[in-house]
Amino acid sequence: MINSIFFDDLYKQFSWYDSVFTPAVESCSNEFFFEGFEYKLASISTNMNVLSQNDTFFVTKVKINSKNDVYIRISQDAINVILDKVLGKNNKRFELTEVSELEARIITAFNDFLYETLAPNFNIEPNRRYNEILHLTYFVKSAISDTAAKFIISVPMEILEAKELETSQHFTDMDFAHSPVEVNLLLGTTVFPLADIKKLDIGDIVLFENSSSDEMTLVCENIVQKFKIKPNIKIIEPYDMSGGNEMENTNTNLWDSIQVDMSAEFDKVKVTLGELKSIEEGLIVDLCSVYDNKVSLKVGGKLVAAGELVIINDRFGVRIEQVNESSSAPAAAPVQQEQQAPQVEKQQAEAATESDFDYSDFEPENENNEG
């Protein structure tokens with residue numbers, strides 16, 4: 001709805017309209033009829049609200065100057081609620097096409113009385129034409145009816161002096177600064193040969209080429225935020241990358257040469273909302289408290305290994321302390337052995353968890369194995 005209460009200044013002024021008009025409407029209703037009707041302001045809008053669609057209304061037009069009118073529209077259901085309360089419950093449903101003279105006079109008199117009650121809030125110039133119309137849509141119900149019916153007051157917006165009500169601020173951001181929230185801290189990624197995953201062993205170091213020792217990425221639900229950190233010099237590892245500690249490359253076929261993306265991330269850690277706000281604002285964060293936490297190595301979201309964080313040549317690395325058994329599984333058995341022990345293979349597959357990496361996930365199907 002263009003220009004509805006969800007846009008521009010009307011949103012900020014809604015409370016003013018509710019505080020000024022709703023008590024006047026209730027007072028008018030109590031005086032004209034009697035107590036027992038409940039009124040709720042549901043919408044303010046500069047176009048005919050969707051709340052008015054598919055309804056039939058009894059319309060009263062009140063001239064406010066030579067060029068403008070105020071319209072009060074009471075829906076057929078609202079009239080039914082009012083008449084049931086005033087004249088007594090009637091088994092026959094009220095129909096506007098069959099309205100009696102008495103019923104029409106009651107509704108018209110109420111609408112005129114309502115306008116007179118609201119008029120002190122209007123600032124009307126005698127010969128001015130007003131173009132922008134404001135529609136206030138109310139729900140009305142009574143204790144003897146479950147129906148929440150509608151009526152709409154349509155007035156020129158310019159005759160109203162709406163205000164933005166001042167509201168006290170009960171909370172500030174920092175009132176929640178010490179509340180903890182769980183986040184993931186991503187260190188970086190690297191490309192790793194499939195064949196080398198099964199060779200991972202305790203004590204090996206995996207270096208993450210796409211990382212920087214002064215930067216991490218925080219993930220918290222839909223928030224993904226890179227931030228600068230103060231590197232912990234205690235975990236800097238003197239390491240000669242020229243050779244001697246690299247895994248032996250014995251790849252002999254295409255499958256063994258396949259490379260996959262491996263990521264490194266801390267197990268979920270808790271940070272305070274204050275720290276989260278600091279990260280969002282780009283401040284350099286000291287995360288010394290999490291450096292001793294385990295770092296998980298994952299491929300496709302599945303756990304391969306875990307270890308401790310090290311820094312090598314301004315890049316993050318992980319010294320392996322634990323290797324997932326599935327990721328270090330031997331190469332696929334020959335077809336003949338698979339046929340001899342299919343039950344063992346099935347039991348092993350059922351024992352694996354969804355979060356564990358399985359080296360055989362990447363094993364190509366044997367086209368010659370047709371059972």
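Two strands are taken to pair if DSSP finds at least two bridges between them. The model described here is predicted. Strand β4, which spans residues 133–142, is joined to β1 and to β5.

**Strand β4 and its partners**

- Seven of the ten residues in strand β4 are buried, that is, under 20% relative accessible area, so the strand is largely enclosed by the rest of the structure.
- Strand β1 (residues 37–45) runs antiparallel to β4, and eight bridges join the two.
- Within this pairing, S43 is placed opposite T137 of β4.
- Strand β5 (residues 149–156) also runs antiparallel to β4, to which it is joined by eight bridges.
- Here V140 stands opposite A149, a residue of β5.

**Helices α1 and α3**

- Helix α1 covers residues 10–32 and helix α3 covers residues 101–118; their axes come within 10 Å and cross at roughly 135°.
- Because of that angle, α1 is oblique to α3.
- The crossing in which α1 passes α3 is right-handed.
- Sorted by class, the contact of α1 with α3 comprises eleven nonpolar, two polar and one charged residues.

Note on methods
Residues numbered from 1 in each chain as written. Predicted model: local features only at pLDDT ≥ 70, side-chain atom pairs only at ≥ 80, totals over all residues. Heavy atoms only, no water. Buried < 20%, exposed > 50% of the residue type's maximum accessible area, 1.4 Å probe, protein only. Helix = DSSP H or I, 4+ residues; strand = E, 2+ residues; numbered from the N terminus. Axes fitted to C-alpha atoms, helices over the stretch in contact; angles between N-to-C directions. Parallel < 35°, antiparallel > 145°, perpendicular 65-115°, else oblique. Left-handed = near helix turned anticlockwise from the far one by under 90°. Nonpolar A, V, L, I, M, F, W, Y, C, P; charged D, E, K, R; others polar.
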